[in-house]
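Take a moment to turn the model around on your screen before reading on. We will walk through it together, from its rings to its strands and then to its charges.

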Amino acid sequence: MDLSQPRFLDDVTVELVKHSASDSDVLWAARVSTAGEQSLEEIHKDPERSKGLINYLMRDRHGSPFEHNSMTFFISAPIFVFREFHRHRVGWSYNEESGRYRELQPNFYIPGAERKLVQEGRPGKYVFVEGSEGQHKLVNEAMEAAYRQSYAAYQEMLEAGIAREVARAVLPVGLFSSMYATCNARSLMHFLSLRTKDEQAKVPSFPQREIEMVAEKMEAAWSALMPLTHAAFVANGRSAP
């Protein structure tokens, strides 16, 4: 495969690469307030026996016990997704690939056929609806042409000896980047409450579809690690404690 030729992708990548996270982490952190050193006994107990406590903590918004865990994700997504992602600062750590230090690869985002294209209504009250076949064709052709042109200009400057940090200025936000993102369950719940649209949410959210794609994959990985905490999050309106 010729790595200099643009690749057009319609999905994101999310991989859980490292974690120290379980429902029992919530229990011993919560019980130290009343049990002191005896709370250490919770570390090896079956958390299923104490799911009522997890639900209580979630319901009454006692949030700090949900911070004693850690998950690190590898994420590959368009740059415009990361610009939204990095608004989440409390409880998050990021390291992203740098266009100053490596030649950026020609992987570009084009919406898939199921992506709704047309915005109707005014800000705060708008909805997205399906695009026509012609609109999807226009999006594909226009994006591909722009991506090819911008990456050709980038390559031309690199070949002429222009520094990577200068040449990258011609590349669009539809270019894929990659990063590691580390968080705890509390910060992840806050992210999910804003970056997913769900009928069970107490407070409606209307995220851009592409960051929601990332959020959905992160939620799936987290729910497998901390199923009782995730169930309490959902049952209590998907609101972070």
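Five residues, F8, F108, Y147, Y151 and Y154, come together in one aromatic cluster. To read that, you need the pairing rule: rings of Phe, Tyr and Trp (its six-membered ring) pair if their centres lie within 6.5 Å, and planes under 30 degrees apart count as stacked, over 60 as edge-to-face and the rest as tilted. The model is predicted, so local features need pLDDT of at least 70 and side-chain atom pairs count only at pLDDT 80 or more, while totals for chains, interfaces and linings use all residues. Residues are numbered from 1 along each chain as its sequence is written, and side-chain values use heavy atoms, leaving out hydrogens and water.

Searching the whole structure gives 13 aromatic pairs. In one of them, F85 and Y94 have ring centres 5.7 Å apart and planes at 85°, so this pair is edge-to-face. How hidden are these two? Here buried means under 20% relative accessible area, exposed over 50%, and partly exposed in between (1.4 Å probe, protein chains only). F85 is buried at 0%, whereas Y94 is partly exposed at 22%.

Rings can also have a charge over them, which here requires NZ of Lys or CZ of Arg within 6 Å of the ring centre and within 35 degrees of the ring normal. You can find this at F128, where the charged end of R115 sits over the ring, 5.7 Å from its centre.

Now look for the strands. Helices (H or I, at least four residues) and strands (E, at least two) are DSSP runs, numbered from the N terminus, and two strands pair if DSSP finds at least two bridges between them. Four strands make an open sheet in the order 2-3-8-4, and their pairing is antiparallel. Which strands stand at the edges? They are strand 2 (13–20) and strand 4 (92–96); each has a single partner strand, so one side of each is left without a neighbour in the sheet. From one strand to the next, the twist averages 20°.

Strand 3 (residues 70–78) and strand 8 (residues 176–183) run antiparallel and are joined by eight bridges. Within this pairing, F74 has Y180 of strand 8 as its bridge partner. Helix 7 (residues 209–225) lies across strand 2, strand 3 and strand 4, at about 160° to strand 3. For this angle, axes are lines fitted to C-alpha atoms (for helices over the stretch in contact, meaning heavy atoms within 4.5 Å), and angles run from 0 to 180 degrees between N-to-C directions.

Finally, the charges. Side chains of opposite charge can pair when their charged atoms come close. A salt bridge is a side-chain nitrogen of Lys or Arg within 4 Å of a carboxyl oxygen of Asp or Glu, and the count comes to 15 salt bridges. One of them joins R195 and E84, at 3.5 Å from N to O. This pair links distant parts of the chain, with R195 in helix 6 (residues 185–195) and E84 in helix 3 (residues 79–85), 111 residues apart. R195 counts as buried, at 14% relative accessibility.

Another salt bridge connects D198 and R238, at 3.9 Å from N to O. D198 lies in the loop between helix 6 and helix 7, and R238 in the segment after helix 8 (227–235), 40 residues apart.
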